[in-house]
Amino acid sequence: MGGRSGNAAWHRHNTPPPSPTALALTLAHWAYDGTGLTPDIERLTALIHGGPTRAEAVTADA
């Protein structure tokens with residue numbers, strides 16, 4: 001037996017039945033948290049690399 005049916009049969013044979021006390025967690029909501037670095041991490045990377053932070057660069061350009 002090979003392929004998907006073989007895999008399914010192996011899992012049915014080798015996976016114990018679920019416990020009646022098992023807890024299932026379902027993630028039903030996703031939220032977009034943004035892109036890029038947090039302001040604290042951005043300042044840290046600017047310190048490490050010697051460049052201005054985004055806020056300092058905007059202030060310097062104004």
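Trainee: Is aspartate 40 buried or exposed in this structure, and why?

Mentor: Residues over 50% relative accessible area count as exposed. In this predicted model, aspartate 40 is exposed because its relative accessibility is 55%.

Trainee: With which residue does aspartate 40 form a salt bridge?

Mentor: As a general idea, side chains of opposite charge can pair when their charged atoms come close. Here the partner of aspartate 40 is arginine 43, and their closest N and O atoms are 2.4 Å apart. The count for this structure is one salt bridge.

Trainee: How are aspartate 40 and arginine 43 placed in helix H2?

Mentor: The two residues are three residues apart in helix H2, so about one helical turn separates them.

Trainee: Which residues make the nonpolar surface patch?

Mentor: Leu37, Ile41, Leu44 and Ile48 form this patch, with an area of about 380 Å². One of them, isoleucine 41, lies in helix H2, which spans residues 39-49. Isoleucine 41 counts as partly exposed because its relative accessibility is 40%.

Trainee: What is the secondary structure of the chain?

Mentor: The chain has three helices and zero strands, giving the pattern α-α-α along the sequence.

Trainee: What share of the residues in the chain is buried?

Mentor: A residue is buried when its relative accessible area is under 20%. Of the 62 residues in the chain, 6% are buried. The accessible surface of the chain is about 6200 Å², and carbon and sulfur atoms account for 62% of that surface.

Conventions. Residues are numbered from 1 along each chain as its sequence is written. This is a predicted model: local features need pLDDT of at least 70, side-chain atom pairs count only at pLDDT 80 or more; totals for chains, interfaces and linings use all residues. Side-chain values use heavy atoms; hydrogens and water are left out. Helices (H or I, at least four residues) and strands (E, at least two) are DSSP runs, numbered from the N terminus. Buried means under 20% relative accessible area, exposed over 50%, partly exposed in between (1.4 Å probe, protein chains only). Accessible areas come from the Shrake-Rupley method with a 1.4 Å probe; for residues, only the protein chains shown count as cover. Patches are made of residues with over 30% relative accessible area and no salt bridge: like charges are joined within 9 Å, nonpolar side chains (Val, Leu, Ile, Met, Phe, Trp, Tyr) within 5 Å. A salt bridge is a side-chain nitrogen of Lys or Arg within 4 Å of a carboxyl oxygen of Asp or Glu.
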